[in-house]
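Hi,

Here is the structure I promised to pass on. Have a look at it first, then read my notes below.

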Amino acid sequence: MTDTLIKVDLSKSPTENENIHNRWHPDIPMACWVNPGDDFILETFDWTGGFIKNNDSADDVRDIDLTTVHYLSGPVGVKGAEPGDLLVVDLLDIGAKPDSLWGFNGFFSKKNGGGFLTEHFPEAQKSIWDFKGMFTSSRHIPGVNFAGLIHPGLIGCLPDRKMLDLWNEREQQLINTDPTAGLANPPSPGTAHMGKMTGEARAKAAAEGARTVPPREHGGNCDIKDLSRGAKVFFPVYVDGAGLSVGDLHFSQGDGEITFCGAIEMAGWVHMKVTLIKGGMAKYGIKNPIFKPSVITPHYNDYLIFEGISVDEAGKQYYLDVNVAYRQACLNAIEYLKKFGYSGAQAYSILGTAPVQGHISGVVDVPNACATLWLPTQIFDFDINPNASGPIKHIDGKIAMPLSHDLK
Ligand code: ZN
């Protein structure tokens, strides 16, 4: 029987669990050790550590303290792993915990986190998604039902001292260019949870521990939907033992995780196996992780594809800006879905949660980049294709996503 090396109790705070941490730092002690070739299970909290509840209010999304995230399970030490190796992680299976067969998606208030389309959706909203086996649907968003493409939003190995310093230095330089704009998140010791660390060493590490928000060289918060159960990932190793941590599990997500709070976020477990390629970083010229996709993915083979170019909704021309182009593709898809009766918020939430593909289609045709958003048509209960008789309002508007106004 496969051992569950890290267990979480969802009725308790993640800060009471010393096998959980929410910062990256080389001195965080290993939660446990395994041998190359071992397979094992790690349970995880959802990324907010249970702050977001299964209810019909978005007050929790509005009020969350975002310096608390992400709660990760680990680090797992792998015997014999040394800096320069590649840690090969087979994601053998991933699932929800039986006592928590639901997940959440939402948009943060523009005043607290925001999101990709925060100018259009400035206040907190939430949708709850229920899991029935491998499928999910939401009481807040009628008309859609789809298979999960379950993946960890966040997985990676501990940085070494040099890499930690590099991260903090370059991100602080960016923050300094416009200190109030929220360009990056500096260390935030007040809400740091440093695993087993105690005393002065803990205080020092908390003051410099890197936030878990961005993806970095080690992987981290990449939010790649295709890094799903069945995938094989090759991670750079920076410290003795590698220090593998995982969390932020998603039942499903559209490319870009555009809603930011976030995909369909869930607590759960990851069954994985680890092996090593000694000296693999130099042998293969690896700086960032590489991975092989799963042999099993939801089979949606029909899409309605929305184009976007790097001219924003106010008509401003940008130079080959893929971010602007993808935003336009998303806004175009939302406008389209509204014709079937969805609110803009419901349409936005579908794009953040369903197995939507995002593609960078062109980056050389000055001045416009072109991005495309691929909306799978088979996730809908009705035909969303355009035709001569025009769209039918299948969604009657009685079901809405909870919205919480900003406090004055
Ligand atoms: Zn997430």
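**The zinc site and the pockets**

In sequence, the residues that donate to the zinc ion follow the spacing D-x1-H-x14-E. Keep in mind that this is a predicted model.

Let's start with the metal. The zinc ion is coordinated by D248 through OD, by H250 through NE2, and by E265 through two OE entries, at 2.0 to 2.5 Å. D248 sits in strand β15 (residues 242-250) and E265 in strand β16, so this pair, 17 residues apart, links distant parts of the chain. Are D248 and E265 buried or exposed? Both are buried.

Why is the arrangement around the zinc ion called irregular? Because the 4 donor atoms subtend angles of 53 to 126°, while four donors count as tetrahedral only if all angles lie between 85 and 135 degrees.

The largest pocket has a volume of about 1,400 Å³. It is lined by 48 residues, and F116, V213, G256, E257 and F260 are the closest to its centre. Elements giving two or more residues to this lining are β12 (215-216), β16 (260-266), α5 (322-338) and β20 (357-362). Of these, α5 gives the most, with 4 residues. By class, the lining has 19 nonpolar, 15 polar and 14 charged residues.

The second largest pocket holds about 210 Å³ of space. Among its 16 lining residues, L10, D46, G50, I52 and W102 lie nearest the centre. Here β7 (102-107) and β16 are the elements that give two or more residues. The lining splits into 8 nonpolar, 4 polar and 4 charged residues.

Cheers

Conventions: Residues numbered from 1 in each chain as written. Predicted model: local features only at pLDDT ≥ 70, side-chain atom pairs only at ≥ 80, totals over all residues. Heavy atoms only, no water. 1 Å grid on protein atoms, 1.4 Å probe; cavity = no way out; pocket = protein on both sides within 12 Å on 5 of 7 lines; lining within 4 Å. Points joined across faces, edges and corners; volume = space filled by probe spheres on them. Nonpolar A, V, L, I, M, F, W, Y, C, P; charged D, E, K, R; others polar. Donors = N, O, S within 2.8 Å, 3.2 Å for Na, K, Ca; no water. Tetrahedral: all angles 85-135°; square planar, octahedral: opposite > 155°, others 65-115°. Buried < 20%, exposed > 50% of the residue type's maximum accessible area, 1.4 Å probe, protein only.
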